[in-house]
Amino acid sequence: RLLRVGLLLAVLATLVAGWMFEPTQRDTGWTRVARVLGTGFWVSEILVLVLGAISVAGEISQSTMKMILPHAYRRAEWIAAKAVVLLMAAGVFALLVTATGVTHTLIDEGLSDVTREAVAGFGEEDEVEVFETASVMWDHLTDMTLAATAGLIASAMIGLLLSCMFQTLVPALCASFLVFAALKTGGVFLGFTKDTLERIYAHYPDELRTQTASFGSALNVSWDDMLLPRGLILSLLTAVLCLLVSLRLFGRRDLHG
């Protein structure tokens, strides 16, 4: 039930972001879709983190874990199954948010070449030049979506790890929200430097979104081709490490306390 409600909330947040978007003179459909997807993935990350945080702690707090594990499953198999379900949930969130944001933008504004006026010489008329083709912009949007999806997977595994650390739901949920706040607002409220942020997987989807929006507004910025591979690698490492630690922690837990 929580998954269904979460998917609905993510889709609604994406649609509301599209309806509330107020473009400037330079903004195009690409600027709009980048910012709309940023909102959708931001909400999805909270929901995926919550799903991970309640995946094990919820079972323990309701005493269902003690009834299930002795009959059919090893603890490692149970955690692995939870991880697979969370991974699938993250994929569904990413798919629905992306489809909603792109479809809404295509219907409302379109996603064509990014153009700008080229200042002509004296006595000549200004010309409209193609700043970036639609095919290149689709590539940028794909990179942004892939990095954001990898971030969702990493967040789900972080939630799973937190869920294995606590016996009840409230501490697990509180810890998940604190972690989310640290990941998303570390530069503002915690004083993380740029170098520190670049070592956190959450930095890469936001940076790619910013660059995609800038290209959509025909701003002269440089596209960093290394952002996507770095983000994917760091997200993968984060997810794998959290899963391994979860297996280790849960294997040593006393479920009868």
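In what order do the elements of the protein run from the N terminus on? They go α-α-α-α-β-β-α-α-α-α-α, which comes to nine helices and two strands. Helices (H or I, at least four residues) and strands (E, at least two) are DSSP runs, numbered from the N terminus.

Before you click around, a word on the model. This is a predicted model, in which local features need pLDDT of at least 70 and side-chain atom pairs count only at pLDDT 80 or more, while totals for chains, interfaces and linings use all residues. Residues are numbered from 1 along each chain as its sequence is written, and side-chain values use heavy atoms, with hydrogens and water left out.

**Colour by confidence.** pLDDT is the predictor's confidence in each residue, from 0 to 100. The protein averages 85, and 86% of the residues score at least 70. Look for helix 3 (residues 65-72), where confidence is lowest at a mean of 62, and then for helix 5, where it is highest at 93.

**Select helix 5 (residues 134-165) and helix 8 (residues 203-216).** These two pack at an angle of about 160°, with their axes 8 Å apart. Axes are lines fitted to C-alpha atoms, for helices over the stretch in contact, and angles run from 0 to 180 degrees between N-to-C directions. Helix 5 and helix 8 are therefore roughly antiparallel, a label for angles over 145 degrees.

Now show side chains. Met137, His140, Leu141, Asp143, Met144, Ala147 and Ala148 in helix 5 meet Pro205, Leu208, Arg209, Thr212, Phe215 and Gly216 in helix 8; contact means heavy atoms within 4.5 Å. By class, this contact of helix 5 with helix 8 has eight nonpolar, three polar and two charged residues. Here Ala, Val, Leu, Ile, Met, Phe, Trp, Tyr, Cys and Pro count as nonpolar, Asp, Glu, Lys and Arg as charged, and the others, Gly among them, as polar.

**Step to Glu132.** You will find Glu132 in strand 2 (residues 127-132). Leaving aside residues up to four places away in sequence, Glu132 touches Asp113, Val114, Met137, His140 and Phe215. Is Glu132 buried or exposed? Glu132 is buried, at a relative accessible area of 18%; buried means under 20% relative accessible area, exposed over 50%, partly exposed in between (1.4 Å probe, protein chains only).

**Finish at Trp78.** Trp78 sits in helix 4 (residues 75-108) and is buried, with a relative accessible area of 12%.

Definitions and conventions
Parallel < 35°, antiparallel > 145°, perpendicular 65-115°, else oblique.
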